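Reader: I'm new to this and could use a guide. Can you show me how to read a structure like this, step by step?

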Amino acid sequence: MFGDLFEEEYSTVSNNQYGKGKKLKTKALEPPAPREFTNLSGIRNQGGTCYLNSLLQTLHFTPEFREALFSLGPEELGLFEDKDKPDAKVRIIPLQLQRLFAQLLLLDQEAASTTDLTDSFGWTSNEEMRQHDVQELNRILFSALETSLVGTSGHDLINRLYHGTIVNQIVCKECKNVSERQEDFLDLTVAVKNVSGLEDALWNMYVEEEVFDCDNLYHCGTCDRLVQAAKEEKSKPDVNLKDLQSEEEIDHPLMILKAILLEEENNLIPVDQLGQKLLKKIGISWNKKYRKQHGPLRKFLQLHSQIFLLSSDESTVRLLKNGSLQAESDFQRNDRQIFKMLPPESPGLNNGISCPHWFDINDSKVQPIREKDIEQQFQGKESAYMLFYRKSQLQRPPEARANPRYGVPCHLLNEMDAANIELQTKREECDSANNTFELHLHLGPQYHFFNGALHPVVSQTESMWDLTFDKRKTLGDLRQSIFQLLEFWEGDMVLSVAKLVPAGLHIYQTLGGDELTLCETEIADGEDIFVWNGVEVGGVHIQTGIDCEPLLLNVLHLDTSSEREKCCQVIESPHVFPANAEVGTVLTALAIPAGVIFINSAGCPGGEGWTAIPKEDMRKTFREQGLRNGSSILIQDSHDDNSLLTKEEKWVTSMNEIDWLHVKNLCQLESEEKQVKISATVNTMVFDIRIKAIKEFKLMKELADNSCLRPIDRHGKLLCPVPDSYTLKEAELKMGSSLGLCLGKAPSSSQLFLFFAMGSDVQPGTEMEIIVEETISVRDCLKLMLKKSGLQGDAWHLRKMDWCYEAGEPLCEEDATLKELLICSGDTLLLIEGQLPPPGFLKVPIWWYQLQGPSGHWESHQDQTNYTSSRGRVWRAASSQGASGNEPAQVSLLYLGDIEISEDATLAELKSQAMTLLPFLEFGVPSPAHLRAWTVERKLPGRLLRTDRQPLREYKLGRRIEICLEPLQKGENLGPQDVLLRTQVRIPGERTYTPALDLVWNTAQGGTAGSLRQRVADFYCLPVEKIEIAKYFPEKFEWLPISSWNQQITKRKKKKKQDYLQGAPYYLKDGDTIGVKNLLIDDDDDFSTIRDDIGKEKQKQRALGRRKSQEALHEQSSYILSSAETPARPRAPETSLSIHVGSFR
């Protein structure tokens, strides 16, 4: 039951088979397919959930289980919409099972989804892609249901339906005494190897006797000696399996005992055997069933002396005659009622007669299967693994037969009815969308033939009509609809398939056969249809077909209008020629009496890309020469000695070097064109492109001296102007790039074009521009930028924006030139408020490392928190450092101010200077020795700074360093091998921790797990074997236990290699949180806290949101994959399976 892993419906794109420029029509997401002829619904496979699908289908086709689950209403299970409320007890697993069963019964779809159900299990994509054992799943699911239904009327649902009892009996051969032991079960395991069938397997395990004789005698308690005996292990159904629930009297012990005695010879039986017969008949012993209400069995028989006669020693019992007749009539009446059976119903959507066939349910697919094929399918290695049986005597009410709505709660009936209506509506919409397409009608009277192709007289939009039409209709229907739309049309109407080519519109094929459907004519979605009389347009006879397709060619030749410019001025002009015209017609079109024609030699990159056409080939057509739209032709007059050369005196090479650039008019001057396309080669000068663009835009000639070309990036931002003296290759401009024609001159070779902005938070498009000499100093450049920005004052400095668009290192050397500091054209400089410190000094922001008063830390600052918070900024973030509350806590950093200090000053001098800040005075720290310094990284404490006498320069802090200071109760002197850890002891039974204590761990003797465990044990005065420790990872909300048994054996050296905690996977460093568990009073394996559960749940929700977004994107952008069979894959190794259930006790 692997099913189809790729059976989801995906959007598809209908591609037009003619040309470019068409709109691609994306199909709407198709609704799920309806049920097939079997009228049964399958279940979609999530990747590896075939075992789950088979179990769910089995439970669904068990009416007693399904209807017992349906009998639980929202008042007991809760509502889906309340599941996120904190105090609501919503039993999500039974609710999802109810909804899935309702979908399998009533929803008109080929296959249901189990995604919501597995989400309620707490499964991730890993569980959904793994194979698991179906028997294990069955037990776990039943356990989860029992837990979920605690406190409801269905609390005993599983026990009521699937509970049975195994009775182990030993019968003495001498006195016939029976010794028994009972065991409860929900499923039975039988060995089927080397047996002919299931009956034989059950007989061997639960019916066949084991005899105790010879050297293996049994000690009988009644005989008080070793005797021969027989042992049996029997499986008995539970009493509440429907067969004894027809009427109240059949459950009464009086009726059952009468019926047993009626079956005995002379209606006489020993009292002990009567108890055994009772157990055989109802499946449960007297003591379990009746003792609480009726007392011991012998006492019950004495109380009913009018029916039962006990012997003097009370060892035997006889049924009296008058009681026998009454019991017989009662028993016969009830026997008929017990074994009366009705054929079970087969769930489906219709109310027709159920189909009495076997069905093969393979994930999404449900197909009928013949009984003989079942025997072939389930044999050998593919034999059935888990079998479900339903008691044949179970009766179904008449109203349940062929009625899938029977027993389904009203709210689910309404939900399925609404879903079916919605599905039907979507299918109708999808059918309409899939069977209609859009046609573009081009009307002949609104076109004229010009320059080798058809062009609209007015505009494209006014000459083209869009028509949406059903492709199942005929061509005659389409023609009739167009006649009705075009009331002005006179004469014949011919419909032809046209195509928009670079030269214009060309007619390819005339449509004929009005009786054919549009599908049969192979008209594509978005097709261009030309409506005309079939002969001429505007008085010009039109040639049709692919042979005469117009080709737009780029013709290059020397300008012969001026002798002075003859050798250097190149004319590039587009010309249109029919594909079946001779190549020699180019000379006629250009009025050149004789000349040499060169064409591109495709496939010769880097070589001579132009090939001369011999005279004998001049009569070949353009198509025969391999020319197509956009191809270039080079014409040289045969009487001219000059050659068409480039700037480097080389032939223009390779087809790729002749292409186009797009130039936009950004001069703020009106022009007929907003954008033009300029042909160029990699060796074309930027100046030539600029002049051509000015001519194409028909702008003033004065712009030739006061304009420049600027590249436009993919975000639409104007980049640095390109010097006119550069070729496209030197300017590193790619063909097809967009350039902007802007006012102002491009910078010279000695100038720099710079962007600049104020502040570090720069929004795209807000930068200002300036051109400066590359020899200008940083100080003078800053003044020019301040002046252009309208800013005043001296408290500013410049920083260069780095590659990730953040403020980089400041330009400290104000007298240095921009060239010396390697500032290039196109760079962005940032105006940052604040003067730079003098050379050799640092400006350091100081933060207060705010703790929550754990033992062992300075606490006096707590009373001043409100004061400091009102004056500065506060950062709060989860971190492993400073875990100072009753669980790994949040770090709070409070901004105090900036200090300016020499790089040669020591760390102790930095602490002393920080203590002079006004907010710092309120904390009352005695001395710098009572402060611990950390760097600030990503708004969290980062690296611990040791050795107060070490100069700041040696720490290599950089110029953007920030420091946070943490108060201490006493001074400390940490060595280079010391690691500072925050340790917290777990409080038993409360899922929380004591306040953090600082622990210094010396790793000089080895940073192993054993070393750390010994240090923690000594710190807390506990035996090392009675503690467990774990490192906290706040970004994952996880604790990783640290065990001294984590050892590896290398292959080369047969020595034990211990894990060093400062490497993978712990990466232990200063400030990490270590959880400590005292095994003397706490034997729980869990280290996590309630906050960890909340954090993981939030991460799970975010991951689920991302997953659903990716699935939606995948469904909208992927094609439906083939449903061809795939080869069987080897079964993956099984991993542990679990279902997460909330507490409802």
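Author: We'll go from the whole chain down to single residues. Keep in mind that this is a predicted model.

Reader: Fine. What does the secondary structure of the chain come to?

Author: There are 26 helices and 52 strands. Of the 1145 residues, 43% count as buried. The chain exposes about 62,400 Å², and carbon and sulfur atoms supply 50% of that area.

Reader: What share of the contacts in the chain comes from residues 24 or more positions apart?

Author: Take the contacts with a separation of 6 or more: residues 24 or more positions apart account for 69% of them.

Reader: How many bridges join S36 to S38?

Author: Five bridges join S36 (residues 796–801) to S38 (residues 828–833), and the two run antiparallel. For a spot to look at, find Leu798, which stands opposite Leu831 in S38.

Reader: On to hairpins. How many residues lie between S5 and S6?

Author: In a hairpin, look at the two strands, then at the turn. S5 and S6 have five residues between them, and Lys176 in the turn has a positive phi of about 65°. Eight bridges join S5 (residues 164–172) to S6 (residues 178–185), running antiparallel. Asn168 stands opposite Arg181 in S6.

Reader: Is Gln169 buried or exposed?

Author: Gln169 is in strand S5. Its relative accessibility is 4%, and the cut-off for buried is under 20%, so Gln169 counts as buried. A polar contact of 3.4 Å joins its side chain to that of Gln276.

Reader: And how many bridges pair S17 with S18?

Author: Four, in the antiparallel sense, between S17 (residues 447–450) and S18 (residues 453–456). Phe449 stands opposite Leu454 in S18. This hairpin has two residues between the strands, and Asn451 takes a positive phi near 55°.

Reader: Where is Lys956, and what is its phi?

Author: Lys956 is found in the loop between strand S43 (940–945) and strand S44 (963–967). Its phi is near 55°, a positive value in a residue other than glycine. Lys956 is exposed, with a relative accessible area of 73%. Cys1021 is another one to check: it is not a glycine, yet its phi is positive, about 55°. Look for Cys1021 in the loop between helix H25 (1009–1020) and strand S48 (1027–1033). At 69% relative accessibility, Cys1021 counts as exposed.

Reader: Which residues does Leu59 touch?

Author: Leaving out residues up to four places away in sequence, Leu59 touches several, including Phe65, Phe101, Leu141 and Phe388.

Reader: How many residues of helix H10 are buried?

Author: Nine of the ten residues of H10 (residues 253–262) are buried, which makes the helix mostly covered. Lys258 is one of the buried ones.

Reader: Last one: how far apart are Ser153 and Ala68?

Author: They are 85 residues apart in sequence and 9.8 Å apart in space, C-alpha to C-alpha. Ser153 lies in the loop between H7 (134–148) and H8 (157–162), and is partly exposed at 47% relative accessible area. Setting aside residues up to four places away in sequence, Ser153 touches Leu72 and Glu76.

How values were computed: Residues are numbered from 1 along each chain as its sequence is written. This is a predicted model: local features need pLDDT of at least 70, side-chain atom pairs count only at pLDDT 80 or more; totals for chains, interfaces and linings use all residues. Side-chain values use heavy atoms; hydrogens and water are left out. Two strands pair if DSSP finds at least two bridges between them. Buried means under 20% relative accessible area, exposed over 50%, partly exposed in between (1.4 Å probe, protein chains only). Contact means heavy atoms within 4.5 Å. Accessible areas come from the Shrake-Rupley method with a 1.4 Å probe; for residues, only the protein chains shown count as cover. A polar contact is a pair of N or O atoms within 3.5 Å; within protein, one must be able to donate a hydrogen and the other to accept it, and residues adjacent in sequence count only if both atoms are side-chain atoms.
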